[in-house]
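Please read the numbered points with the model in view.

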Amino acid sequence: MKILVTGGAGYIGSAVVRKLIDEGHEVTVIDDLSKGHKEAVHPKAVFIKAGLSNLNELEKVFKQTKFDAVIHMAGYIEAGESVINPEKYFTNNVTNGINLLNAMIKHNCKKIVFSSSAGVYGNPEKVPITEDSETRPVNPYGETKLIFERVIQCYSKAYGLEYASLRYFNAAGAEEYHGEDHDPETHLIPIILQVALGKRTEIKIYGTDYPTKDGTCIRDYIHVSDLAKAHVLALKNNGVYNLGSEKGYSVREIIEIAKKVTGKDITVKEDARRPGDPAALVASSEKIKRELGWKPECSIRDIIKSAWAWHKKNPEGYKKK
Ligand SMILES: NC(=O)c1ccc[n+]([C@@H]2O[C@H](COP(=O)([O-])OP(=O)(O)OC[C@H]3O[C@@H](n4cnc5c(N)ncnc54)[C@H](O)[C@@H]3O)[C@@H](O)[C@H]2O)c1
């Protein structure tokens, strides 16, 4: 297939592009590099440096190639920032996404796989979370993901667009040539590994009085390679799917595993809860297993080991090789 990947220079996007190319697809990446890294893009992919706000460029891209599908991963990802600056998130994650949909419909490209998020669920009443759990985002980032899912559904009804919205839980881990290098880094595992590398002095635990086994927040971590596989399967199906490992680990548990994997001591500082952090987010991925035959293969140890190998090899991320 000929596939356009938006945000293909980003952390998850670069792993998805690698997987698509390994499976024999022809891939074009469009990314404005506002957050991504040119070095992360597979050399066999066609790379276009442009933003989804650029209507002329979108027109050119769709005129040049007749794409069979689009995997839409471009967007801003920091929930905390979205509370302070919602305009940035609604403009990029919703308005710019609609530009993409309009170009697709105009050029008769009728399949989209969208990077949604567990953020659509907000503070769930119970875990594991199924796709029919209530969607009540607690920040503008989660709202943008839910709104865009709904826009896609309206386009599907009106214009026959086929879609898969993939609600990722916490993407983590690395591949040989692709790792996590966000700026700023807000994700737990890379921050812990930066402490292990001596690039940060400590890891802060926000809240130690949650109603969980050790008082710290529980999250569901999914290896980026397992996520990438799901995108290839989702090209053939329609629907909304959770993507998680179905296992929850507390912040303290992740730190303990990271200590064992790295052999380093990791300084911890306990801090107050952050507003809006749910106590526990764990996916039910039953639906995608049943309907698409997807199965995550990497354990939490594999995730942290692979991330550690990448961070040790690339202590400055993609900046300095
Ligand atoms: N990382 C996670 O754990 C996680 C969890 C749930 C959902 N997601 C979603 O998955 C997607 C990828 O996340 P990631 O962690 O790889 O983030 P990332 O920041 O590494 O990748 C996003 C990419 O999109 C590009 N981009 C942003 N706005 C753009 C625009 N207007 N035009 C063109 N390119 C643009 C950035 O330059 C970047 O390369 C995002 O949509 C995110 O919301 C991520």
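This is a predicted model: local features need pLDDT of at least 70, side-chain atom pairs count only at pLDDT 80 or more; totals for chains, interfaces and linings use all residues.

1. Asn-108 counts as exposed because 11 C-beta neighbours lie inside 10 Å, and the limit for that class is 12 or fewer. The residue is found in the loop between α4 and β5. Although Asn-108 is not a glycine, its phi is positive, at about 60°.

2. Glu-246 lies in the loop between β11 (239-243) and β12 (249-250). Is this residue buried, exposed or partly exposed? It counts as partly exposed, because 18 C-beta neighbours lie inside 10 Å and that class falls between the limits of 12 or fewer and 20 or more.

3. Ala-74 belongs to the loop that runs between β4 (69-72) and α3 (79-84). Ala-74 counts as buried because it has 27 C-beta neighbours inside 10 Å, where 20 or more are required. Which residues does Ala-74 touch, if those up to four places away in sequence are not counted? They are Thr-6, Gly-7, Asp-31 and Leu-52.

4. Two cis peptide bonds ending in proline deserve attention when the backbone is inspected. One joins Val-127 and Pro-128, with omega of about 0°. Pro-128 lies in the loop between β5 (111-117) and α5 (140-159). Another runs from Asp-183 to Pro-184, where omega is near 0°. Pro-184 is found in the loop between β7 (170-172) and α6 (188-196).

5. The packing of helix α2 (residues 55-64) against helix α4 (residues 86-106) may be examined next. Their axes are 10 Å apart and meet at an angle of about 35°, and α2 passes α4 in a right-handed crossing. On the side of α2, the contact is made by Leu-55, Leu-58, Glu-59 and Phe-62. On the side of α4, Asn-99, Leu-100 and Ala-103 take part.

6. The domain assignment of the protein chain gives two domains, each made of two segments. Domain 1 covers 2-172 and 221-243, and domain 2 covers 188-219 and 247-313. Taken over C-alpha atoms, the centres of domain 1 and domain 2 are separated by 24 Å.

7. How many residues of each domain are in contact with the other? The contact involves 27 residues of domain 1 and 25 residues of domain 2. On the side of domain 1 that touches domain 2, the elements giving two or more residues are β7, β10 (221-223), α7 (224-234) and β11. The largest share of that side, six residues, comes from α7. The residues of the side of domain 1 that touches domain 2 comprise 15 nonpolar, nine polar and three charged.

Definitions and conventions
Residues are numbered from 1 along each chain as its sequence is written. Axes are lines fitted to C-alpha atoms, for helices over the stretch in contact, and angles run from 0 to 180 degrees between N-to-C directions. Helices (H or I, at least four residues) and strands (E, at least two) are DSSP runs, numbered from the N terminus. A crossing is left-handed if the near helix is turned anticlockwise from the far one by less than a right angle, and right-handed if clockwise. Two residues are in contact if their C-beta atoms, placed from the backbone, lie within 7 Å. Domain bounds come from an automatic or database domain assignment. Ala, Val, Leu, Ile, Met, Phe, Trp, Tyr, Cys and Pro count as nonpolar, Asp, Glu, Lys and Arg as charged, and the others, Gly among them, as polar.
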